[in-house]
Amino acid sequence: MAPPMSAGRFLDILRDEGVTVVEVGDWEHHNRNHKGPWGPVHGVVIHHTVTSGSQRTVEICRDGYASLPGPLCHGVITKDGRVHLVGYGRANHAGLGDDDVLRAVIAEKRLPPDNEANTDGNRYFYGFECENLGDGEDPWPDEQLEAIEKVSAAICRHHGWTERSVIGHLEWQPGKVDPRGFTMDWMRDRIEERLK
């Protein structure tokens, strides 16, 4: 079991990994903690936003919308590879997912199919939304993919996790397709290499 790191430590490990960080407002205290606990943390979930335009994407992920209040993640990874920190604590990003997947993440084993939505992922995962239309055609620039790799590796390094602690939303919650445009196995291979 791992308690979430402090917001200050989170910022430090991202910068130490070479991530270009943009702090958005009072991100350290912007969260949904009044809706339930955050932690223990067990991994990282990668998403795509189905939006275009960095400024608009960051605003949506920070503020949310009528049916889903923000923050919608901890960091927004824009096309240019910058990571915009929009919240810290419980965030509305993972939703309900599969308890078997959570057990596999904790054990750092190969993931089973996600066929249930019975476990609160917002409690257990760090979340990063990545600016992309999610149509399978919108490109993923190298800078953005490298930033996904770096933020994931930084968190895994801090907690002593392997690359198996990094999952896609599509591996957690039935019916989700994100991130679309690369495979999570391919991204985990990159993260594994960075952690060596």
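Me: Is the crossing of α5 and α7 left-handed or right-handed?
Reply: The crossing of α5 and α7 is right-handed (the near helix is turned clockwise from the far one by less than a right angle). This is a predicted model, where local features need pLDDT of at least 70 and side-chain atom pairs pLDDT 80 or more, while totals for chains, interfaces and linings use all residues. Numbering starts from 1 along each chain as its sequence is written, and side-chain values use heavy atoms, without hydrogens and water.

Me: And what angle do they pack at?
Reply: About 55°, with the axes of α5 (142-159) and α7 (184-195) 9 Å apart. Helices are DSSP runs (H or I, at least four residues) and strands are E runs of at least two; axes are fitted to C-alpha atoms over the stretch in contact, with angles from 0 to 180 degrees between N-to-C directions.

Me: Which residues of α7 meet α5?
Reply: W186, M187, R190, I191, R194 and L195, with heavy atoms within 4.5 Å counting as contact. On the α5 side, L145, I148 and R157 are among the partners.

Me: New topic: what volume does the largest pocket have?
Reply: About 430 Å³, the space filled by probe spheres set on grid points joined across faces, edges and corners. A pocket is an open set of points on a 1 Å grid where a 1.4 Å probe fits, with protein on both sides within 12 Å along at least five of seven lines; lining residues have an atom within 4 Å of a point. Of its 22 lining residues, Y65, L68, E129, H169 and K176 are the closest to the centre.

Me: Which element gives the most to that lining?
Reply: α2, with 3 residues.
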